[in-house]
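Biologist: Please present the model, and let us then discuss it by question and answer.

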Amino acid sequence: MNISCNFKTSLIVVALLSFSTAQAATLTKAEYKADKTRISADYKAAKNACDAMKDNAKDVCVQEAKAKESVARAELEYSYTGKAADQTKVHEAKAKSTYAVAKEKCDDLEGNAKDVCVKEAKAVETKALADAKMGKEIGEAKKEASEDKSDANYKVATEKCDALSGDSKTSCMAAAKTKFGKY
C-alpha cells in the first residue's frame, strides 16, 4: 500500500469537500431532526457492518464510520444554521476525521514506516486545519497556517531521516533544517 499516495489523495479529497460547503441552505427544524436521526441510523448500520471484520481492518472500519458520522453532523449543523463558524467546524471535522482514519491505517505498519505514516497523517491534518483557520481569519491566520504547514513538513522530513544512519542521516537532517528554516 502506498501510504504517501493515500495521504495526498486524502488531502485532495478534504480540499475538494471543503469547497462543496461554500453555501449553506438552511433547513427547517423538522428536517434537521429527521436528518439527525438518519445520521445516527447510518452510523449504527455502518458500525454493525464492521462486526464481521477482524483485527485492524475492523478498527479502520469503525473509525471510518465514526468519521463519516462526525462530518455528517457538522455539515447538518451548518446546513441548519448557515453560520460561518459552523462552516469552519465542517472543515475541522473533515480534517480531524481524515487524520483519525489515516492514523488507524498506520497500525498495520511497524517501526520507522509506522512512525513516518503517523507523521504524514498528522501533517495532512495540520495542513487541513490550517486551511480551515485561513478561511476564518485571513490576515494573521495566513502566516500562522504557513508556519504550521512548514512545521508539519519538517517533522515528516526528520522522521524520514531517522531511517538513515551515519553521514547520510547527518546530511539528511542538515538538508531538512535548511529547507524548513530550522537553524
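Biologist: Is Ala72 buried, partly exposed or exposed?

Modeller: This is a predicted model, in which local features need pLDDT of at least 70 and side-chain atom pairs count only at pLDDT 80 or more, while totals for chains, interfaces and linings use all residues. Residues are numbered from 1 along each chain as its sequence is written, and side-chain values use heavy atoms, with hydrogens and water left out. Buried means under 20% relative accessible area, exposed over 50%, and partly exposed in between (1.4 Å probe, protein chains only). Because its relative accessible area is 21%, Ala72 is partly exposed.

Biologist: In which helix is the place of Ala72?

Modeller: Helices are DSSP runs (H or I, at least four residues), numbered from the N terminus. The place of Ala72 is in helix H3.

Biologist: What is the orientation of H2 to H3?

Modeller: The axes of H2 (residues 29-49) and H3 (residues 55-81) come within 9 Å and cross at roughly 175°. Axes are lines fitted to C-alpha atoms, for helices over the stretch in contact, and angles run from 0 to 180 degrees between N-to-C directions. Angles over 145 degrees count as roughly antiparallel, under 35 as roughly parallel, 65 to 115 as roughly perpendicular and the rest as oblique. The crossing therefore makes H2 relative to H3 roughly antiparallel.

Biologist: How many residues of the contact of H2 with H3 are charged?

Modeller: Contact means heavy atoms within 4.5 Å; among the residues that meet are Lys29, Asp35 and Lys36 in H2 and Lys66, Glu69 and Arg73 in H3. Asp, Glu, Lys and Arg count as charged, Ala, Val, Leu, Ile, Met, Phe, Trp, Tyr, Cys and Pro as nonpolar, and the others, Gly among them, as polar. The contact divides into 9 nonpolar, 1 polar and, as asked, 8 charged.

Biologist: Which cysteine does a disulfide join to Cys50?

Modeller: A disulfide is a pair of cysteine sulfur atoms within 2.5 Å, and the whole structure holds 3 disulfides. In the one that includes Cys50, the S to S distance is 1.9 Å. Cys50 lies in the loop between H2 and H3 and its partner in helix H3, so the pair ties together parts that are 11 residues apart in sequence. That partner is Cys61.

Biologist: What is the relative accessible area of Cys172?

Modeller: Cys172 forms a disulfide with Cys161, and Cys161 counts as buried because its relative accessibility is 0%. Cys172, however, is partly exposed, with a relative accessible area of 22%.

Note on methods
Helices (H or I, at least four residues) and strands (E, at least two) are DSSP runs, numbered from the N terminus.
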